[in-house]
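Have a look at the model first, then read on.

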Amino acid sequence: MTVEPPLRDVVVWRAFRIAGLYALLNALIAILLHLLIGAAGFGATGKWQPGFGASVVLAVLLAPIIETALYFWLPIVLVRKVLGYRPLTPFVTWLACVGPFSFTHYGGSLGRSALTALCTGLVGGSCFYFCFLTAEKEAGLNPFWTTALCHAIFNGTVLTAFGVAYILGFVS
């Protein structure tokens, strides 16, 4: 006789599975594109500034929650309220999410070029958008927190990769 895990554990596992899948997809595509953009000479315009504690707090804890609220949950809710569920709604919603997300990731302390910001916005924004939609379809999952988790996993992975590259001398 098998013992079923509590429903809460199943829901948490499904959220981590969806978030992890989209974070991995995001990382694989984004890292490849950023390497190609850098090799072509269109990469970052500044140097990476290591501030480990602040980076962890901002990138892994705060940014995923704030950005999920501003760039995914809010646009999705607003566009659906205005347009309803028409055939064009998913595309308009995607634009409303990915456009501001791309713009926000241009420049700043990371010194991203317009091309790397566009890559970050299109790839990351699309992965987070589809994570939200996928979680929304799963019974018992909260799409907001699943997407924030996906964003946190992605940011944590990238931060770890850059930290290792910095320590090994590949990034200055």
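Phe 144 counts as buried because its relative accessibility is 14%, where buried means under 20% relative accessible area, exposed over 50% and partly exposed in between (1.4 Å probe, protein chains only). Trp 145, at 48%, therefore counts as partly exposed.

This is a predicted model, in which local features need pLDDT of at least 70 and side-chain atom pairs count only at pLDDT 80 or more, while totals for chains, interfaces and linings use all residues. Residues are numbered from 1 along each chain as its sequence is written, and side-chain values use heavy atoms, leaving out hydrogens and water.

## Aromatic pairs

Rings of Phe, Tyr and Trp (its six-membered ring) pair if their centres lie within 6.5 Å; planes under 30 degrees apart count as stacked, over 60 as edge-to-face and the rest as tilted. The count by this rule is 8 aromatic pairs. One of them, Phe 72 with Phe 128, is edge-to-face, with 6.0 Å centre to centre and 85° between the planes. This pair links distant parts of the chain, 56 residues apart: Phe 72 sits in helix H2 (residues 52–83) and Phe 128 in helix H4 (residues 114–137). Helices here are DSSP runs (H or I, at least four residues), numbered from the N terminus.

Both Phe 72 and Phe 128 are buried. Phe 144 and Trp 145 also form an edge-to-face pair, at 4.9 Å centre to centre and 85° between the planes.

Definitions and conventions. Helices (H or I, at least four residues) and strands (E, at least two) are DSSP runs, numbered from the N terminus.
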